[in-house]
Amino acid sequence: HIIEILNQADHEEVSIARARVEPGITTRWHTVEARDIYYLLAGEGRAEVGEEVLFVGPGDAVSIPAGVRQRIANTGDEDLVFLCVCTPRFRAEGYREL
């Protein structure tokens, strides 16, 4: 579940979205043609960035280079909630599911 907070054509430098992953769910492997930064607000999870595995919780940040495969799993009992900050801004045509 993703809600865009800021993503405007006249503001090319950055976009911000709020993501929510339910308990027991893992997102699909994908890449984005922008640097993607996840900032964790609530819950616990396992972020996979390329071959790296990171266990994350509130206050953690994960920096994902452009074009690197990524996914995140909710490993806790409550919703995993995080901000997705993309630089430059996220564009749907730059998203690729693997």
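**Charged, polar and aromatic contacts among the strands**

Glu48 is located in strand 5, which spans residues 45-49. In this predicted model, Glu48 has a relative accessible area of 11% and is therefore classed as buried, since the limit for a buried residue is a value under 20%. Leaving aside neighbours within four places in sequence, the residues in contact with Glu48 are Trp29, Val53, Arg69, Gln70 and Arg71.

Two arginines form salt bridges with this glutamate. The side chains of Arg71 and Glu48 meet in a salt bridge with an N to O distance of 2.8 Å. This pair links distant parts of the chain, as Arg71 belongs to strand 8 and Glu48 to strand 5, 23 residues apart. In the salt bridge between Arg46 and Glu48, the N to O distance is 3.6 Å. Arg71 has a relative accessible area of 23% and is therefore partly exposed; Arg46, at 24%, is likewise partly exposed. In general terms, side chains of opposite charge can pair when their charged atoms come close. Another charged residue, Arg69, lies over the face of Trp29, at 3.9 Å from the ring centre. Both Trp29 and Arg69 are among the contacts of Glu48.

The structure holds 9 salt bridges in total. One of them joins Glu93 and Arg91, with the closest N and O atoms 3.9 Å apart. Glu93 has a relative accessibility of 61% and so counts as exposed, whereas Arg91, at 35%, counts as partly exposed. These two residues also belong to a network of salt bridges that links Glu12, Arg89, Arg91 and Glu93.

Strand 8, residues 70-74, also contains Asn74. With a relative accessible area of 5%, Asn74 is buried. A polar atom of the Asn74 side chain lies 2.8 Å from the backbone nitrogen of Gly76. Beyond neighbours within four places in sequence, Asn74 is in contact with several parts of the chain, including Val21, Glu22, Pro23, Gly24 and Ile25. Glu44, Gly45, Asp79 and Leu80 are also in contact with Asn74.

Strand 9 pairs with strand 2 and with strand 4. Strand 2 (residues 15-21) and strand 9 are antiparallel, with 7 bridges between them; here Arg18 stands opposite Leu83 of strand 9. Strand 4 and strand 9 also run antiparallel and are joined by 7 bridges, and Cys84 in strand 9 is the bridge partner of Tyr38.

The structure holds 1 aromatic pair. Tyr38 and Phe82 form this pair in a tilted arrangement, with 4.6 Å between the ring centres and 45° between the planes. The pair links distant parts of the chain: Tyr38 is in strand 4 (residues 35-42) and Phe82 in strand 9 (residues 80-87), 44 residues apart. Tyr38 and Phe82 are both buried.

Tyr38 is also one of the residues touched by Ile64. Ile64 is found in strand 7, residues 61-64, and is buried, with a relative accessible area of 0%. Not counting residues up to four places away in sequence, Ile64 touches Ala34, Arg35, Asp36, Tyr38, Val49 and Gln70. For Ala34, which is 30 residues from Ile64 along the chain, the C-alpha atoms of the two residues are separated by 8.6 Å.

Technical notes: Residues numbered from 1 in each chain as written. Predicted model: local features only at pLDDT ≥ 70, side-chain atom pairs only at ≥ 80, totals over all residues. Heavy atoms only, no water. Helix = DSSP H or I, 4+ residues; strand = E, 2+ residues; numbered from the N terminus. Buried < 20%, exposed > 50% of the residue type's maximum accessible area, 1.4 Å probe, protein only. Polar contact = N/O pair within 3.5 Å; in protein donor to acceptor, adjacent residues only side chain to side chain. Contact = heavy atoms within 4.5 Å. Phe/Tyr/Trp six-rings, centres within 6.5 Å; stacked < 30°, edge-to-face > 60°. Lys NZ or Arg CZ within 6 Å of the ring centre and 35° of its normal. Pairing = 2+ DSSP bridges. Salt bridge = Lys/Arg side-chain N within 4 Å of Asp/Glu carboxyl O.
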